[in-house]
Amino acid sequence: MPEPVQLSLFPERASLVRIRPERNEWRFYRLEILPDLFGYTLLARHWGRIGTKGRYRLDPHPNCGAALNALAALARRKRRRGYHDQAGR
């Protein structure tokens with residue numbers, strides 16, 4: 001019998017876009033939780049203009065819970081600024 005799969009209650013990644021052609025604005029913002037070799041949990045942030053390499057930043061957090069809280073807060077802030085979830089991700 002296969003082992004049961006535990007689904008995460010809180011998303012460990014988010015992919016957001018803000019597209020406003022009238023303002024020539026085509027942006028993406030991606031967030032993802034990653035483990036660290038030193039016992040920390042990293043929040044990876046990748047953002048920029050769609051079609052470019054963009055910028056990348058890693059924020060260390062003491063545990064997974066703190067990183068999940070930071071991810072949720074950043075995603076909430078971006079949604080208030082006009083970003084929405086990217087379809088298909």
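Among contacts in the chain between residues at least 6 apart in sequence, what percentage join residues at least 24 apart? The share is 38%. The points below concern a predicted model.

1. Overall layout. The chain is built from one helix and five strands. Their order along the sequence is β-β-β-β-α-β. Of its 89 residues, 30% count as buried. The chain exposes about 6,900 Å², and carbon and sulfur atoms supply 54% of that area.

2. The β2–β3 hairpin. Strands β2 and β3 run antiparallel and are joined by nine bridges. One of the residue pairings is Arg 30 with His 46, its bridge partner in β3. Five residues separate the two strands of this hairpin, and Gly 39 in the turn has a positive phi of about 90 degrees.

3. The β3–β4 hairpin. Strand β3 also pairs with strand β4 (residues 55–61), again in the antiparallel sense, over seven bridges. Here Leu 42 has Pro 60 in β4 as its bridge partner. This hairpin has five residues between its strands, with Gly 51 in the turn at a positive phi of about 95 degrees.

4. Cover on β3. Strand β3 pairs with β2 and with β4. Seven of the nine residues of β3 are buried, so the strand is mostly covered. Trp 47, which lies in β3 (residues 41–49), is partly exposed, with a relative accessible area of 23%; the cut-off for buried is under 20%.

5. Aromatic pairs. The count comes to two aromatic pairs. In one of them, the rings of Tyr 29 and Trp 47 have centres 6.1 Å apart and planes at 25 degrees; the pair is stacked because planes under 30 degrees apart count as such. Tyr 29 sits in strand β2 (residues 25–35) and Trp 47 in β3, 18 residues apart, and the pair links these distant parts of the chain.

6. The other partner of Tyr 29. The rings of Tyr 29 and Tyr 83 have their centres 6.3 Å apart and their planes at 70 degrees, so this pair is edge-to-face. Tyr 83 belongs to the loop between α1 (64–80) and β5 (84–85), while Tyr 29 is in β2, so the pair ties together parts that are 54 residues apart in sequence. Tyr 83 is buried, with a relative accessible area of 9%.

7. Surroundings of Tyr 29. Tyr 29 is buried, with a relative accessible area of 4%. Leaving out residues up to four places away in sequence, Tyr 29 touches Ala 14, Ser 15, Leu 16, Arg 45, His 46, Trp 47, Leu 74, Lys 78 and Tyr 83.

8. The nonpolar core. In soluble globular proteins, nonpolar side chains tend to be buried together. The largest nonpolar core in this model has 13 residues. Those with the most contacts inside the core are Leu 16, Tyr 29, Leu 31, Ile 33, Leu 43, Leu 71 and Leu 74. The elements that give two or more residues to this core are β1 (13–20), β2 and α1. Helix α1 gives the most, with six residues.

Definitions and conventions. Residues numbered from 1 in each chain as written. Predicted model: local features only at pLDDT ≥ 70, side-chain atom pairs only at ≥ 80, totals over all residues. Heavy atoms only, no water. Phe/Tyr/Trp six-rings, centres within 6.5 Å; stacked < 30°, edge-to-face > 60°. Helix = DSSP H or I, 4+ residues; strand = E, 2+ residues; numbered from the N terminus. Buried < 20%, exposed > 50% of the residue type's maximum accessible area, 1.4 Å probe, protein only. Core = buried A, V, L, I, M, F, W, Y, C linked by side-chain atoms within 4.5 Å. Contact = heavy atoms within 4.5 Å. Areas by Shrake-Rupley, 256 points an atom, 1.4 Å probe, with all protein chains shown as cover. Pairing = 2+ DSSP bridges.
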